[in-house]
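Visitor: I would like to learn how to read a few features of a protein model. Could we begin with the way helices pack?

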Amino acid sequence: MVLLVSKDLNARVRLHARALRPLEMRELGAFAFPSVAELDLSRVPHVTDKGFEAFVLDSGKSQLPPLKTLCLKRAKALTVASFALVARMETISSLNLALCYGLNDDSLIQIGTGLCCLEYLSIRGCHQVSDAGIVGFAEKATGLLSLNISGCRAGVTDVSARAIATHIKRLVELK
């Protein structure tokens with residue numbers, strides 16, 4: 001295959017490329033793409049609370065994007081501040097927080113309280129989550145269909161299993 005491109009076009013492309021500047025996180029907010037229903041930041045493990053907030057909030061306003069799916073897998077720098085923001089995203093039905101080391105019991109309970117549409121949750125490998133968080137979450141997130149708690153080592157016992165069995169009646173998958 002032969003590709004014909006004029007020298008003038010190449011020169012213009014090079015000139016344009018030099019004029020480009022890095023985008024600020026606030027310029028990439030979710031409202032720049034209002035029809036986005038799925039956000040996957042799993043390949044951005046160093047995203048911070050400030051970066052996550054800039055991405056999901058519309059220029060500092062309190063309105064959140066209507067996401068259905070959010071994947072923050074491996075977002076190791078996120079803290080309770082970001083998880084509080086996640087808990088306000090009422091439209092999320094699928095949430096992957098696997099290996100988010102900043103997730104704790106209180107944040108998990110907040111998420112269970114705030115996300116009434118939640119059907120899938122993975123908190124695999126979240127070492128700060130214990131029975132207290134899972135029990136509190138199970139009492140709130142009764143519509144859950146799938147839950148992955150494997151690798152939660154901070155005292156997850158049969159107390160969690162009982163709470164899940166008691167409160168989450170629609171559950172079809174538990175890992």
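Visitor: Which hand does the crossing of H3 past H4 have?
Guide: Two packed helices are described by the angle between their axes and the distance between the axes. A crossing counts as left-handed if the near helix is turned anticlockwise from the far one by less than a right angle, and as right-handed if clockwise. Here H3 passes H4 in a right-handed crossing. The model is predicted: local features need pLDDT of at least 70, side-chain atom pairs count only at pLDDT 80 or more, and totals for chains, interfaces and linings use all residues. Residues are numbered from 1 along each chain as its sequence is written, and side-chain values use heavy atoms, with hydrogens and water left out.

Visitor: At what angle do the axes of H3 and H4 cross?
Guide: Axes are lines fitted to C-alpha atoms, for helices over the stretch in contact, and angles run from 0 to 180 degrees between N-to-C directions. The axes of H3 and H4 cross at roughly 10° and come within 8 Å. H3 is therefore roughly parallel to H4; that label covers angles under 35 degrees, while over 145 is roughly antiparallel, 65 to 115 roughly perpendicular and the rest oblique.

Visitor: Which residues make the contact between H3 and H4?
Guide: Contact means heavy atoms within 4.5 Å. From H3 come Val-80, Phe-83, Ala-84, Val-86 and Ala-87, and from H4 come Ser-107, Gln-110, Ile-111 and Gly-114. This contact of H3 with H4 has six nonpolar residues, three polar and no charged. In that division Ala, Val, Leu, Ile, Met, Phe, Trp, Tyr, Cys and Pro count as nonpolar, Asp, Glu, Lys and Arg as charged, and the others, Gly among them, as polar.

Visitor: How do H4 and H5 pack?
Guide: H4 and H5 have axes 8 Å apart, at an angle of about 5°. H4 and H5 are therefore roughly parallel to each other. H4 contributes Asp-105, Leu-108, Ile-109, Ile-111, Gly-112 and Thr-113, and H5 contributes Ala-132, Gly-133, Ile-134, Gly-136, Phe-137 and Lys-140. The residues of the contact of H4 with H5 are six nonpolar, four polar and two charged.

Visitor: Which residues of H5 are buried?
Guide: Buried means under 20% relative accessible area, exposed over 50%, and partly exposed in between (1.4 Å probe, protein chains only). In H5, residues 131-140, the buried ones are Asp-131, Gly-133, Ile-134, Gly-136, Phe-137 and Ala-138. Their cover includes H4, H6, strand S4 (120-122) and strand S5 (146-148).

Visitor: Is Ser-160 buried or exposed?
Guide: Ser-160 lies in helix H6, residues 158-167, and is buried at 1% relative accessibility. Apart from neighbours within four places in sequence, Ser-160 is in contact with Asp-131, Ile-134 and Val-135.

Visitor: What does Leu-144 contact?
Guide: Leu-144 sits in the loop between H5 and S5 and is buried, at 0% relative accessibility. Beyond neighbours within four places in sequence, its contacts are Leu-118, Glu-119, Tyr-120, Leu-121, Phe-137, Ile-168, Arg-170 and Leu-171. The C-alpha atoms of Leu-144 and Ile-168 are separated by 6.3 Å, with the two residues 24 apart along the chain.

Visitor: Is Asp-106 buried or exposed?
Guide: Asp-106, in helix H4, is exposed, with a relative accessible area of 58%. Its C-alpha atom is separated by 6.4 Å from that of Gly-133, 27 residues apart along the chain.

Visitor: What pattern does the protein follow along the sequence?
Guide: Helices (H or I, at least four residues) and strands (E, at least two) are DSSP runs, numbered from the N terminus. The protein has six helices and six strands, in the pattern α-β-α-β-α-β-α-β-α-β-α-β. Among contacts between residues at least 6 apart in sequence, 79% join residues at least 24 apart. Of the 175 residues, 39% are buried.
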